[in-house]
Amino acid sequence: MEDLRRRFPTKKNGEISNVAVALPPPRKASDALPLPLYLTNTFFLALFFATVYFLLSRWREKIRNSTPLHVVDLSEICSLIGFVASFIYLLGFCGIDFIFRSSSDDDVWVNDGMIPCGQSLDCREILPIKPNSVDPPRVSDLDSVEDEEIVKSVIDGIIPSYSLETKLGDCKRAAAIRREAVQRITGKSLTGLPLEGFDYNSILGQCCEMPVGYVQIPVGIAGPLLLDGIEYSVPMATTEGCLVASTNRGFKAIHLSGGAFSVLMKDAMTRAPVVRFPSARRAALVMFYLQDPANFERLSLIFNKSSRFARLQSITCKIAGRNLYPRFSCSTGDAMGMNMVSKGVQNVLDFVKSEFPDMDVIGISGNYCSDKKASAVNWIEGRGKHVVCEAFIKAEIVEKVLKTSVEALVELNTLKNLAGSAMAGSLGGFNAHASNIVSAVFIATGQDPAQNVESSHCITLIEAEGNDLHISVSMPCIEVGTVGGGTQLASQSACLNLLGVKGSNNEEPGSNAQQLARIVAGSVLAGELSLMSAIAAGQLVKSHMKYNRSSRDIGPSSQVNR
Ligand code: ADP
């Protein structure tokens with residue numbers, strides 16, 4: 001029974017202990033007789049020795065009497081059958097229980113509650129499951145039978161998968177049942193995607209719907225980043241070898257040169273709906289109304305009702321025929337702010353509609369915002385936090401730590417990040433790999449990874465400063481928050497805590513999110529410095545082959561591939 005518990009789900013404290021729920025128990029040698037296991041064992045053991053003894057004595061007798069061995073009577077035939085049956089039964093103890101399997105049992109899924117990666121499975125053959133009629137169900141098995149019924153209902157479309165959490169009131173159990181249903185419907189295994197070890201309550205209604213597990217991404221620590229006189233250990237979630245090591249080398253060079261310095265230029269999340277009017281003249285009239293400073297106070301009062309942290313900063317409009325795109329910019333405290341700004345915009349639209357009833361609201365987002373898309377408006381006007389970060393790197397550090405020269409870096413930056421990106425028609429991509437660092441820090445700290453698109457807009461400048469080097473990154477759209485969304489999840493929250501910017505800053509709301517944006521920019525600065533040095537020194541391919549293709553521990557001089 002121990003084996004059955006392992007393969008089939010039991011409920012402990014109301015939770016499923018195994019996701020491979022309630023497939024019919026595999027037939028085993030011990031099922032041969034409708035008896036308890038110890039009696040079945042005793043029976044076949046006795047049968048084996050009895051038949052062996054009997055056959056050997058008959059064999060000896062025949063040799064003595066010179067009777068041919070192949071001449072057998074009924075008792076010997078019966079003994080032979082008993083011998084073969086008991087022998088096969090005993091083989092089961094050595095794990096060789098093939099004789100009891102049907103051909104479909106050859107699938108690992110059926111035998112071990114798992115399906116090999118990529119192997120398909122016709123779940124319809126498995127579905128008509130009856131509880132084992134031989135062993136009466138135990139209390140724990142009753143629970144698994146109940147879950148099995150739910151799995152079947154999900155597969156049959158009787159219970160919608162999305163409603164499991166509400167129906168069961170147990171997020172973990174809902175995830176396990178959904179996962180099992182998905183595996184059976186697709187015939188594909190989710191083995192390797194963990195289910196255990198995650199708080200499914202924490203994502204309900206906030207971060208992810210219809211969960212079946214969670215993806216693991218390693219988190220490395222680079223640092224310390226010396227930024228504005230404070231040291232930070234920066235968590236980076238990535239599966240790209242060399243990225244953390246390379247950024248770490250950049251941090252080292254910056255630290256040895258006295259650190260980096262940042263300036264927050266602007267902090268404003270944006271949302272731009274699209275509204276339509278009967279004519280372009282009417283659209284223009286509303287545009288002038290919205291942009292008139294005399295109306296700003298009234299509009300901001302209406303907008304700011306959306307949250308105690310939302311503060312309208314400006315409305316700038318673009319018009320296309322009779323369609324209007326008013327772009328609302330507002331501060332959002334420590335939240336990244338998309339929900340907040342959207343609510344504020346909705347308040348204003350309701351008010352404007354009452355003043356201009358012929359306005360037709362086509363969409364709360366008209367793409368002039370512009371969220372999760374590369375766009376000139378973000379690059380020029382900014383979105384989220386606009387941060388500039390700089391460092392002076394001593395010539396000797398460039399040579400000793402970065403293994404290159406100031407001249408080589410300046411030339412490479414001009415030809416690659418400026419001229420090369422211009423030739424490519426780049427939009428906000430005047431950098432070597434800002435998105436690498438932005439993505440890694442975003443994922444570690446629970447930011448919206450899709451906003452990596454505009455958050456990675458960056459121009460990297462490298463100039464000679466006497467014998468030394470001046471490097472800067474200008475990033476107009478760093479969209480980060482330290483409350484809301486994924487920031488509240490345990491792992492992401494721990495990473496924010498490491499940086500000292502977890503949650504809401506009650507003394508100065510917004511300063512945690514702003515600090516995080518500065519850290520992102522400081523980390524990008526280090527990443528740019530290190531990768532540009534690697535390319536200038538011609539080390540890139542060599543180090544990539546060394547560190548990205550080996551299992552060795554990585555050292556400080558490794559580079560990232562870009
Ligand atoms: P977003 O607008 O980034 O999607 P959410 O709306 O999910 O963020 O989260 C913001 C929520 O957090 C709001 O309900 C807000 O009242 C609350 N909150 C608490 N403290 C702060 C803070 N310091 N800054 C911004 N929001 C805060």
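This is a predicted model: local features need pLDDT of at least 70, side-chain atom pairs count only at pLDDT 80 or more; totals for chains, interfaces and linings use all residues.
Student: How many helices and strands does the secondary structure of the protein chain come to?
Tutor: The protein chain has 562 residues, of which 48% count as buried. Among its contacts between residues at least 6 apart in sequence, 69% join residues at least 24 apart. The secondary structure of this chain comes to 19 helices and 13 strands.

Student: Which helix do the buried residues of H3 pack against?
Tutor: Within H3, the residues Glu 76, Ser 79, Gly 82, Ser 86 and Tyr 89 are buried. Seen down the axis of H3, these buried residues fall within an arc of 145°, so they line one face of the helix. On the other side of H3, Leu 74 and Ile 81 are exposed. The buried residues of H3 pack against helix H2, residues 37–64.

Student: Is strand S13 mostly covered or mostly uncovered, and how many of its residues are buried?
Tutor: Buried here means under 20% relative accessible area, and strand S13 consists of residues 468–478. By that criterion S13 is mostly covered, the number of buried residues being 10 of its 11.

Student: Which residue in S13 does Ile 462 stand opposite?
Tutor: Strand S10, residues 384–393, pairs with S13 in the antiparallel sense over eight bridges, and Ile 393 stands opposite Leu 469 in S13. Strand S12, residues 458–465, also runs antiparallel to S13, and seven bridges join the two. S12 and S13 form a hairpin with two residues between them, and Gly 466 in the turn has a positive phi of about 65°. In S13, the residue opposite Ile 462 is Ile 471.

Student: How far from an oxygen atom of the ligand does a backbone N or O atom of Gly 337 lie?
Tutor: There are 13 residues around the ligand, and Asp 334, Gly 337, Asn 339, Met 340 and Ser 504 come nearest. A polar backbone atom of Met 336 is 3.3 Å from an oxygen atom of the ligand, while for a polar backbone atom of Met 340 the distance to a ligand oxygen is 3.2 Å. For the backbone N or O atom of Gly 337, the distance to an oxygen atom of the ligand is 2.6 Å.

Notes. Residues are numbered from 1 along each chain as its sequence is written. Side-chain values use heavy atoms; hydrogens and water are left out. Buried means under 20% relative accessible area, exposed over 50%, partly exposed in between (1.4 Å probe, protein chains only). Helices (H or I, at least four residues) and strands (E, at least two) are DSSP runs, numbered from the N terminus. The arc is that of the directions from the helix axis to the C-beta atoms. Contact means heavy atoms within 4.5 Å. Two strands pair if DSSP finds at least two bridges between them. A residue is near a molecule or strand if one of its heavy atoms lies within 4 Å of it. A polar contact is a pair of N or O atoms within 3.5 Å; within protein, one must be able to donate a hydrogen and the other to accept it, and residues adjacent in sequence count only if both atoms are side-chain atoms.
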